Every structure is written in C-alpha cells, then in structure tokens.
Amino acid sequence: MHHIFLNTMATHDEKLKKLEEATNSSQVLLIESQAKFEQATKALDDAKSKLKALSPEAQQALQVNDTDLPELIEAKMIAETERDEAKKRYEKNQMYFMTFKAKVGQK
C-alpha cells in the first residue's frame with residue numbers, strides 16, 4: 001500500500017515538474033514573440049514616418065509597391081499571430097500548472 005502511494009507521489013512530482021518546465025518554456029517563447037512583434041511594429045512605424053516626411057509631390061509619385069510597406073505589414077501580422085498563440089499557450093500551461101499544483105497540495 002505504501003509502495004503505491006510513493007509511486008503516486010513520484011508521478012505527481014514528475015508531472016508537476018513537467019508542467020512547470022512547459023510553463024517556463026512557453027513563457028520564454030511569449031517574451032521572445034513579444035519582442036519580435038515590437039520590432040516589427042517599430043519597423044512599420046518607422047517606414048510610415050519616413051513616407052509622411054516626404055514632400056506631397058514625392059508621396060503622390062510613390063507607389064505602394066515602391067516601398068517596404070507590404071512586407072512590413074505582413075511581418076507585423078505574422079509576429080502578432082505568433083505572439084497571440086504564444087500568449088494562449090503560456091496562459092494554458094500556467095493554468096494547468098497552478099491547478100495541478102493546488103490539487104496535489106504544493107505551494
């Protein structure tokens with residue numbers, strides 16, 4: 001009987017450790033994806049500022065395809081999607097970790 005209890009405790013500890021590792025890994029991914037999103041946003045904002053600084057004549061003569069805007073918009077959208085997915089993954093992992101931790105009586 002004690003042997004089964006000890007095995008269960010080891011299994012709980014292992015599962016708790018795995019959940020904690022998954023939560024930590026997903027938090028790192030969230031931080032990295034947030035930084036990537038911020039960089040993409042800044043690059044897009046900088047490009048827009050440069051275009052606004054051009055004379056009205058230069059702005060009228062410019063075609064969208066003459067700029068990096070399409071690529072920068074796409075990069076920002078991809079970074080935003082990656083950040084949102086990383087955030088959901090982190091929040092889900094954190095919820096599982098905290099729920100399991102409370103369930104097994106850890107603090």
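A charge sits over a ring if NZ of Lys or CZ of Arg is within 6 Å of the ring centre and within 35 degrees of the ring normal. Keep that rule for a later stop.

This is a predicted model, in which local features need pLDDT of at least 70, side-chain atom pairs count only at pLDDT 80 or more, and totals for chains, interfaces and linings use all residues. Residues are numbered from 1 along each chain as its sequence is written, and side-chain values use heavy atoms, with hydrogens and water left out.

**Whole chain.** Colour by pLDDT, the predictor's confidence in each residue, from 0 to 100. The chain's mean is 88, and 89% of its residues reach 70 or more. Now show the helices and strands, which are DSSP runs (H or I of at least four residues for helices, E of at least two for strands) numbered from the N terminus. There are three helices and zero strands, in the order α-α-α. Confidence is lowest in helix α2 (residues 56-61), with a mean of 86, and highest in α3, with 96.

**Helix α3.** Select residues 69-103. Look for its buried residues (under 20% relative accessible area, where exposed is over 50% and partly exposed is in between, with a 1.4 Å probe and protein chains only). Among them are Leu-72, Ala-79, Arg-83, Ala-86, Tyr-90 and Asn-93. An α-helix has 3.6 residues a turn, so residues three or four places apart point the same way. After α3 comes Gly-105, whose phi is positive, near 80 degrees.

**Arg-83 and Phe-37.** Select this pair to apply the opening rule: the charged end of Arg-83 sits over the ring of Phe-37, 4.2 Å from its centre.

**Ser-26.** Move to helix α1, where Ser-26 lies. Which residues does Ser-26 touch, not counting those up to four places away in sequence? They are Ala-86, Arg-89, Tyr-90 and Asn-93, a contact being heavy atoms within 4.5 Å. Ser-26 is buried, with a relative accessible area of 3%.

**Val-28.** Stay in α1 (residues 2-53) and select Val-28. Val-28 is partly exposed, at 44% relative accessible area.

Of the contacts between residues at least 6 apart in sequence, 82% join residues at least 24 apart. Buried residues make up 21% of the 107 residues.

Key: Expected span 1.5 Å × (residues − 1).
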